[in-house]
Amino acid sequence: MATIPLGFNIDSPRWDQSTFVGRLKHFLNITDPRTVLVPEEELDRAKALVEGCRAGVVPPGSSQEQLLYAKKLYDSAFHPDSGEKMNFIGRMSFQVPGGMAITGCMLQFYRTVPAVVFWQWVNQSFNAFVNYTNRNAASPISLRQIGVAYVTATGAALATAVGLNLYTKRAPPLVARWVPFAAVAAANCVNIPMMRQQEIINGITVTDENNNELGRSRRAAVKGIAQVVLSRITMAAPGMIILPIIMERLEKFTFMQRIRVLHGPLQVLFCGGFLLFMVPAACALFPQKCSLALDDLELELRDSIVAKHGDKVPYVYFNKGL
């Protein structure tokens with residue numbers, strides 16, 4: 001076995017995570033949709049290499065570039081809390097191929113109630129996988145709670161979409177095209193908190209800057225989940241707001257009216273272009289390792305930390321999920 005390069009820490013971020021640009025580079029790296037094509041065996045080898053590097057040894061001849069690529073694969077496919085391999089559909093690296101297909105179809109098939117119902121159901125099923133996969137793994141959730149969260153979020157999306165679809169029958173065509181985004185935004189406000197309700201009920205683990213556990217906080221959970229909701233809505237917004245404007249204008253051209261059958265695939269491709277940037281950009285809005293001032297914690301937890309550490313812990317840290 002070879003020793004790791006001098007001064008190399010595989011868990012140290014390659015880019016400054018206190019800045020948006022640094023976080024954007026980080027998430028451009030780990031949400032790279034090409035990683036979804038990597039075979040399971042290679043992902044397992046990447047995990048073994050990362051764990052070996054953490055232990056201080058790597059296979060002979062391993063270069064720093066190989067170690068960084070292994071970390072990229074590890075971050076794209078394994079949960080940051082548990083280290084377990086995430087389901088394929090729920091990985092952030094699958095957001096572009098999965099999201100572009102579903103979003104494109106929601107934007108294309110918005111005119112009839114059956115189409116709206118079907119594609120909103122497909123979208124919420126996809127979101128349920130993503131939200132469950134990227135929860136804070138230290139807070140388990142039962143199958144019953146998952147079912148309630150799924151049904152509630154799907155109901156919210158369908159009620160919003162169908163209600164607005166009927167309400168906008170006499171509205172300008174562009175307004176009707178924005179109905180899917182309103183439904184997606186409403187569903188995100190329900191789906192994510194419901195899927196991660198155990199974090200709100202029982203709190204999530206908070207640590208000091210050196211990852212020493214300090215206790216569990218419900219307020220930290222609320223802050224983390226609120227940031228995730230805003231990130232998800234931001235992720236969808238440009239494609240679902242700007243693309244309808246583009247399509248509304250393009251469809252007035254004669255050549256576009258001749259190729260109506262291609263409007264759906266065209267919207268899917270456009271959505272992919274938006275998501276290719278917006279997935280990492282939305283994930284980068286807030287630090288993955290979120291912080292909360294000691295004064296903002298629950299009184300009991302705050303007093304406990306002060307009693308043990310005095311004024312040495314001004315902030316606590318936690319994984320907000322994605």
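Predicted model: local features only at pLDDT ≥ 70, side-chain atom pairs only at ≥ 80, totals over all residues.

Visitor: Let's start with charges. How many salt bridges does a search of the whole structure find?
Guide: The search finds eight salt bridges. A salt bridge here is a side-chain nitrogen of Lys or Arg within 4 Å of a carboxyl oxygen of Asp or Glu.

Visitor: Which residues are linked in a network of salt bridges?
Guide: Glu-40, Asp-44, Lys-85 and Arg-91 are linked that way.

Visitor: How far apart are the closest N and O atoms of Lys-85 and Glu-40?
Guide: They are 2.8 Å apart in that salt bridge. Lys-85 sits in the loop between helix 3 (64-77) and helix 4, while Glu-40 is in helix 2 (residues 40-55), so this pair ties together parts that are 45 residues apart in sequence. Helices (H or I, at least four residues) and strands (E, at least two) are DSSP runs, numbered from the N terminus.

Visitor: And what about Glu-40 with Arg-91?
Guide: Those two also form a salt bridge, with the closest N and O atoms 3.8 Å apart. Arg-91 lies in the loop between helix 3 and helix 4 and Glu-40 in helix 2, so the pair ties together parts that are 51 residues apart in sequence.

Visitor: Is Arg-91 buried or exposed?
Guide: Arg-91 counts as buried, at 4% relative accessibility. Buried means under 20% relative accessible area, exposed over 50%, and partly exposed in between (1.4 Å probe, protein chains only). Lys-85 is partly exposed at 31%, and Glu-40 is partly exposed at 36%.

Visitor: Which residue forms a salt bridge with Asp-75?
Guide: That is Lys-71, with the closest N and O atoms 3.0 Å apart. Asp-75 and Lys-71 are four residues apart in helix 3, so they are separated by about one helical turn. Asp-75 is partly exposed at 22% relative accessible area, whereas Lys-71 counts as buried at 12%.

Visitor: New topic: helix packing. How do helix 5 and helix 8 cross?
Guide: The axes of helix 5 and helix 8 (residues 179-195) come within 10 Å and cross at roughly 35°. Axes are lines fitted to C-alpha atoms, for helices over the stretch in contact, and angles run from 0 to 180 degrees between N-to-C directions. The crossing of helix 5 and helix 8 is right-handed; a crossing is left-handed if the near helix is turned anticlockwise from the far one by less than a right angle, and right-handed if clockwise.

Visitor: Where does Gln-120 lie?
Guide: Gln-120 lies in helix 5 (residues 113-133), and it counts as buried at 3% relative accessibility. Not counting residues up to four places away in sequence, Gln-120 touches Met-106, Ala-157, Leu-158, Ala-161, Pro-180, Ala-183 and Val-184. Contact means heavy atoms within 4.5 Å.

Visitor: How do helix 4 and helix 10 cross?
Guide: The axes of helix 4 (residues 95-108) and helix 10 come within 11 Å and cross at roughly 40°, and that crossing is right-handed. Gln-95, Thr-103, Met-106 and Leu-107 in helix 4 meet Met-235, Gly-239, Met-240, Leu-243 and Pro-244 in helix 10.

Visitor: Now the surface. Which residues form the nonpolar patch?
Guide: Val-175, Trp-178, Ile-241, Ile-242, Ile-246 and Phe-270 form it, with about 420 Å² of accessible area together. Patches are made of residues with over 30% relative accessible area and no salt bridge: like charges are joined within 9 Å, nonpolar side chains (Val, Leu, Ile, Met, Phe, Trp, Tyr) within 5 Å. Accessible areas come from the Shrake-Rupley method with a 1.4 Å probe, and for residues only the protein chains shown count as cover.

Visitor: Which helix gives the most to the patch?
Guide: Helix 10 (residues 218-250) does, with three residues. Ile-242 is found in helix 10 and counts as partly exposed, at 38% relative accessibility.

Visitor: Last one: what is the phi of Asn-211?
Guide: Asn-211 has a positive phi of about 70° although it is not a glycine. Asn-211 is in the loop between strand 3 (204-207) and strand 4 (213-217), and is exposed, with a relative accessible area of 54%.

How values were computed
Residues numbered from 1 in each chain as written. Heavy atoms only, no water.
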